[in-house]
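Look at the structure first, then read on.

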Amino acid sequence: MQAAVLRGGAACAGLGALVPVAYLVLRALEGGEGLVQLLQPRHLTLLGNTLALVGTVLVADTALALPAAWLLGRSELARRRGLVALVAAPVVIPGYIVALALLGLGGDYGLLARLVGWRLPRPQGLWGATLCLTLYTYPYVFLSARAALLGLDPSLEEAARSLGLSPWGVARRVVLPQLLPALRAAWLVVGLYVLGDFGAVSLLRYETYSYAVYLRYAGALDRTGAAALSLPLLGLAALGWAASRAGGGRGVGYRAGSGASRPAPRARLGWARPLALGYLALLVGLGVGLPLGTLFLWLLQDPQAVGGRALAHGLGGTAVAAGGAALLALALAFPLAHRATRGHGWGTAVLVSLPHLGHALPPFVVGLGWAFLGLRALPFLYGRLVLLLLALALYFVPLAFGPLRAAWAQLSPRLEEAARSLGHGPLGAAVRSALPGLVRGAVAGGALVFLRAATELPLTFLLSPLGFSTLATRTFAAASEALFAQAAPFALALLALALPSLVLLLRMERET
Amino acid sequence: MPFLRLVLVLVLGLGALAGAQELVVYCARSRALVEPLILRFQEETGLRVHVRYGTQAELVALLLEEGARSPADVFWGYEASLATLARRGLLQELPAEFRERVAPAYRVGDERWVPTSIRVRVLAYAPARVTPAELPASVLELGDPRYRGRVGWAPPNAGFQTFLTGLRLLVGEEGAQAWVEALRQNQAQPYPNNIALLQALAAGEIDFALTNHYYLYRFRAADPAFPVEQILFAPGDPGNLLLASGAGIVRTARNPVAAQAFLAFLLGEAGQTFFTHDLFEFPAVEDVSPHPALAPLAEELAARRPAVDLGDLWDLPGTLELLRRAGVL
Amino acid sequence: MSFLSVQALRKRFGPVEAVREVSFAAEAGEILVLVGPSGCGKTTTLRLLAGFDRPDCGRVLVGGRDITPLPPERRGIGFVFQEYALFPHLSVEGNVAFGLRGLARAERRERVGELLAMLGIAELAPRFPHELSAGQQQRVALARALAPRPRLLLLDEPFSALDAALRRDLRAELRNFLKGLGLTAVHVTHDREEALALADVLAVMRAGRVEQVGPPEEVYNRPRTPFVAAFLGRANLWPGRVLAILNGRAEVEVAGQVLCAEAAGTAPGARGVVFFRPEWAEVGPGPFVAHVQTALFLGDHWELHASCQGLPVVLSAPCAPCAGVVPFAVTRALWLSGPEG
């Protein structure tokens, strides 16, 4: 019975994510014409653009985040939790705000031109899109790499030194391979994000494949075409997922020894300390200071632009949507993560990969899939909050899944077996033995879903009950009509709401 | 329009009799823009209004998907989506009073939706980098080498696409195709929307931009010295195409009476004043005068607009096909 | 000049003085064992030798050369970690080959194969650390540390993760192995039996200091402090007073009797401790009377826990005591001056 509940939960989480995919394929097959259009050279160019952007963003994210992760994980700066929170803070800033802030900086009419007379070119094209996306996606790599660094057994590095490796050699041959699983997971999250993102990218005038799919749908009201054009994205997502799992990672992540490891020694920075602090300041300045400053400038244009009532409405909506989605996503990810670590065979592998596939689709296509399903099959759910929460939760399951799976993986199956030998059923055993150890993973995963769901747009737009609004939808509505003074209070409220969950996320990491 | 007021009074009476009535509006206009007006309607009538905001594409798709199950009473959007819905049979015919309330110049051939406010396509430019002699008389001149790389356009933008639909009606399919091709060859710079165009003008990336008229006033409200100006082309030029926001009543509306009251409110003095004073659009009716800042443009509107009926601007798919063929979308 | 010379090392971690004053030396090919209770600073001393931590002052000389300023990778010192620290992302072969740089591929394979064969784990080469038992991991860790042919091998409690029987077997094996290689080694443990069995030179540490260095037999039989005496085995420590000195032997008043104890550098009237191991006392006719509280059968002998004039005493007897009160004589005793710790 209880085993059935665990399996059933996993199946729900896995198959639920299939719903929009099924819709997509259904729609795509409706008109064979859509597939033929894929052969257009423009689409191939756009696909190339997308892949180039994924590549540059991953490289830039890693180059930017790894030094920061080391400084705030392994150097004398590691104890500065405030700094860690600041460096990670860009995750809570909506991408199009970062794009608008960057665009507002340069040019003849830009902030720099008006304040100090510098006329920098405004970011655009591949380099502009890379800069912008990097500024708000590098925290995923940073958080992941830092957590992995904190968890590394320092005696491995000492062993390598005693075997004749220089510090640089140790970093390359011991630390990096150990970080790779964490980096792969972060790369997958960022890669999928870049694949589906088109808001900020289009503002920076870089044409990507997702944007074309969006335009196909938004401009032409063409569902079939948009669905057909989404299929390559599905393929890319599957490839990314496979790539993140493949490779010679055998044995990585296991701790060889049985004892508790010593915390790693913190490197002294000495003369490099000002340089390090300068680097972190630059990161925080661009990732947090710039958008925040822009928002305050907007606010000053007309501080009374938004009434308290609208603000409260948006705040309540965000709390309900993001909070509910986070809880539901955790409930779905829990059995899925259990299957992933304790299950065997390709059936489990497929089940676990399904939510990641769903997560790789552009959210507006996913939203339309849910609307379609709600109308045809679940009319009692359609237009209700439950459907929005369900769609958000299933879309964001992979974010909750990651930390939970890591938590499961670190728990010995012996614990569970011990609980069962003491007379608990499989579910009870799983819960009793694992729950305390999983709390950290669960809170981290839940906080991550909350952060992303709070800033999510297309799903919320499409599936909201009548009259429902979130801070993100209100910010976007105002900003997209050039009503920046009206957008600012909503955006600032969103940041204020998201920040505590970010702090929570950071507290859940290993004690240092 | 005493008759319209009568309708309103009648509806209000009915509403009071029926107790708390509810109205569902699918609104393609931004919440940030129109929410105050909706709140006011609610206060004045006591009707509870539920609004689903979204892009016009999303809402049209949703209406198509929902079919008879749709809770929507009113669709409030723009000319292209309204014309599409009307042709698909998703809107019901409106009483003649609504059509008559609209100024004759803006009346639509179609009986199933009414314009509620008017916008116009303009040429925005950066006065710092453009001499008066350089200002083109026609949108068709922008393919000329002297505008090479200096013009910005927004192919994904609905306003631009409707303009292109109008151009196809005015100069024919081949003429429109040739114009798009000419601009592309002339390195017209693509931007995602009108706001981005105006910002690019201010930033110095482009010198001219094809856009809708009202955004500039929002930038000027924030900064009176915003370094952009805008003009109309010569009389009758396709570049001066009129656009409309408008509304219709969904065929399966559960509450058609309240829906009519809502349309009457949009066309009434409060609604029209709001559109022009708060949103810098032109009133769709004769007895409300445009915002003073719009006056210079408003005076020329009638004389300069090309001869296109707002109700004929439905062929968005054809326009998109054209843009795709040209490789700009 | 000894091959390994450790001179006056000191190391503080914040307020904690982990190593106060540590000096010792070992000749080439010797096994030096650092033994002491946990927290005495022995592992820190080892890490200072390896270069993982820097001493606040003091020097480490290997082969007459001061290596104190060198980073760990340039010291040529092998290290076997308590938890082995095998690289989980590398196979056994990859782990052992890790330190073999500048060798051709074939040579590297050959060296790895040779080491694995020497340690009797040749068949484990393709496996990964998590697929190995603790004993196997220990051998791999040893092979990895030996691969680059270090001049000095440091072992940090390498047997602590193993069960007692395996530990005893490996102890002999390790000593045999190191002797066969003629390698100089410093081995850290808190297990006195292991320390005594392995060491050529034994250094007993306490609270950041070396209390005594010497051959294990000497340290066991002639401890210089009550702590060393008690740490290395069963010890009876009785407070007493010196009555007279005769030929380097002291007459001590203890437990109401006078006892003759080996002594060095003391004077009549001094207070201190008389020390004797259970096996240095004989149950039978003698001046002392023990009231037996517990008798434990340990296979080859009986161990009696008793009291004598209110002082606790442990005695060794060939057979079970027939009465609750037994007389005994002390055949050998040491006089340890200074306050008892």
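**Two domains of chain B**

Chain B splits into domain 1 (3–118 + 243–307) and domain 2 (119–241 + 313–325), with bounds from an automatic or database domain assignment. This is a predicted model: local features need pLDDT of at least 70, side-chain atom pairs count only at pLDDT 80 or more, and totals for chains, interfaces and linings use all residues. Residues are numbered from 1 along each chain as its sequence is written, chains are lettered from A and ligands numbered from 1 in the order written, and side-chain values use heavy atoms, without hydrogens and water.

**Extent of the contact**
- The C-alpha centres of domain 1 and domain 2 of chain B lie 27 Å apart.
- Domain 1 of chain B brings 28 residues to the contact and domain 2 of chain B brings 25; contact means heavy atoms within 4.5 Å.
- Together the two domains of chain B bury about 2100 Å², with 66% of it on carbon and sulfur atoms. Buried area is the accessible area (1.4 Å probe) that two parts lose on being put together, summed over both.
- B:L243, B:R304 and B:P306 supply 34% of the area that domain 1 of chain B buries against domain 2 of chain B, more than any other three residues.

- B:R119 forms a salt bridge with B:E281, with the closest N and O atoms 2.8 Å apart.

How values were computed: A salt bridge is a side-chain nitrogen of Lys or Arg within 4 Å of a carboxyl oxygen of Asp or Glu.
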